[in-house]
Amino acid sequence: MRGRSGTVVVAIVMSLGLTLGGIGAWWVVQARPRPGEFVDALATPDGAVVVRKERSSDRAFLEVYDGTRLRWRGMIPRYAGHPGVIALAASPRSITARVVRGGHPFVFAFDAATGAKLDLFDLTPGTKPDPTGQNLPTVVTVGNGHHSVELVSAADGGSEIFGLDLEQRRLMWRRPLPDRPEGAAWVGDLIVLRYGGGVQSRALRLGDGSDAPVPDAGRDDAPHITAGGRTWRVTPREIKVMDAATGQVLGTIR
């Protein structure tokens with residue numbers, strides 16, 4: 001009788017252990033970060049940098065593609081951009097993503113080839129945390145393939161603009177602005193800020209952020225979804241990669 005009791009106890013313990021083990025394995029699988037909906041893509045000469053939501057948090061995935069082949073994937077805190085308002089910049093050497101961390105606008109920098117994290121820095125240290133991360137609603141980051149600018153709101157109703165060298169991985173300059181731009185685009189070596197629905201413009205020099213005469217072509221040179229002869233059409237469920245000239249679908253990413 002004692003032997004049978006011992007056998008029953010062993011069976012119960014083993015069953016309980018298997019159950020708990022199964023629960024633990026299920027929890028690990030469920031807790032693992034998983035890519036969700038697509039947010040936006042920044043086309044590059046070789047492919048694109050893609051942002052996807054993480055399914056169970058406010059974090060995001062950063063994915064870098066060669067053509068339609070995934071090169072690397074990493075995680076970032078809450079992405080500062082939203083569909084149609086990019087918060088990414090890329091060069092052959094570096095990729096940056098603007099995020100919101102502790103109510104501040106941070107820039108995360110990654111090695112373009114390997115995905116190794118290079119640096120992160122707060123654009124507005126010492127300021128009061130803001131739930132929006134001091135993001136402007138219609139423009140966050142604008143790049144030209146070698147440099148980028150970051151725009152943030154200021155408490156006095158104005159804004160600040162930061163010039164970054166992506167190849168040398170350094171902050172070049174920053175300056176306050178008395179107003180808040182509605183859009184921005186690179187035109188040659190000038191960054192052109194737009195106001196009043198594009199009716200008014202202001203130009204700053206790439207080298208030091210100083211004022212410059214506004215060029216005639218003060219609009220976007222090309223959408224951020226087109227480069228290298230490919231156009232990346234983003235929807236929450238998938239990205240279609242198309243030949244920019246013919247519209248032929250070259251591949252689909254899901």
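Student: In which strand is the place of Ser153?

Tutor: Ser153 belongs to strand 11, which covers residues 147–153. The model is a predicted one.

Student: Why does Ser153 count as buried?

Tutor: Buried means under 20% relative accessible area. Ser153 has a relative accessibility of 9%, so Ser153 falls within that class.

Student: Which residues does Ser153 touch, not counting those up to four places away in sequence?

Tutor: Ser153 touches Gln134, Asn135 and Leu136, along with Gly158, Ser159 and Arg180. A contact means heavy atoms within 4.5 Å.

Student: What is the strand order in the open sheet of four strands?

Tutor: The order is 10-11-12-13, and the pairing is antiparallel.

Student: What makes strand 12 and strand 13 a pair?

Tutor: Pairing requires at least two bridges between the strands. Strand 12 (residues 159–165) is joined to strand 13 by seven bridges, and the two run antiparallel. One of the positions involved is Asp165, whose bridge partner in strand 13 is Arg170.

Student: How many residues of strand 15 are buried, and why is strand 15 called largely enclosed?

Tutor: In strand 15 (residues 190–195), six of the six residues are buried, so the rest of the structure largely encloses this strand. Both of its faces are covered: Leu190, Val192 and Arg194 are buried on one side, and Ile191, Leu193 and Tyr195 are buried on the other.

Student: How do strand 14 and strand 15 pair, and over how many bridges?

Tutor: Strand 14 (residues 183–187) and strand 15 pair in the antiparallel sense over five bridges. Trp186 has Ile191 in strand 15 as its bridge partner. The two strands form a hairpin with two residues between them, and Gly188 in the turn has a positive phi of about 65°.

Student: What do strand 15 and strand 16 form, and how many residues lie between them?

Tutor: Strand 15 and strand 16 form a hairpin with four residues between them, and Gly196 in that turn has a positive phi of about 55°. Their antiparallel pairing runs over six bridges, with strand 16 covering residues 200–205. Tyr195 stands opposite Gln200 in strand 16.

Student: What makes strand 1 mostly covered?

Tutor: Eight of the nine residues in strand 1 (residues 35–43) are buried. Strand 1 is also joined by six bridges to strand 2 (residues 47–54), and these two run antiparallel. Ala43 has Ala48 in strand 2 as its bridge partner. Strand 1 and strand 2 form a hairpin with three residues between them.

Student: How many aromatic pairs does a search of the whole structure find?

Tutor: The search finds three aromatic pairs.

Student: Why is the pair of Tyr65 and Trp232 called tilted?

Tutor: Ring centres must lie within 6.5 Å to pair; planes under 30 degrees apart count as stacked, over 60 as edge-to-face and the rest as tilted. The ring centres of Tyr65 and Trp232 are 6.1 Å apart and their planes stand at 55°, so this pair is tilted. Tyr65 lies in strand 3 (residues 60–66) and Trp232 in strand 19 (residues 230–234), so the pair ties together parts 167 residues apart in sequence. Tyr65 and Trp232 are both buried.

Student: Why is the pair of Phe108 and Phe110 tilted?

Tutor: The planes of Phe108 and Phe110 are at 40° and their ring centres are 6.5 Å apart, so the pair is tilted. Phe108 and Phe110 are both buried.

Key. Residues are numbered from 1 along each chain as its sequence is written. This is a predicted model: local features need pLDDT of at least 70, side-chain atom pairs count only at pLDDT 80 or more; totals for chains, interfaces and linings use all residues. Side-chain values use heavy atoms; hydrogens and water are left out. Rings of Phe, Tyr and Trp (its six-membered ring) pair if their centres lie within 6.5 Å; planes under 30 degrees apart count as stacked, over 60 as edge-to-face and the rest as tilted. Buried means under 20% relative accessible area, exposed over 50%, partly exposed in between (1.4 Å probe, protein chains only).
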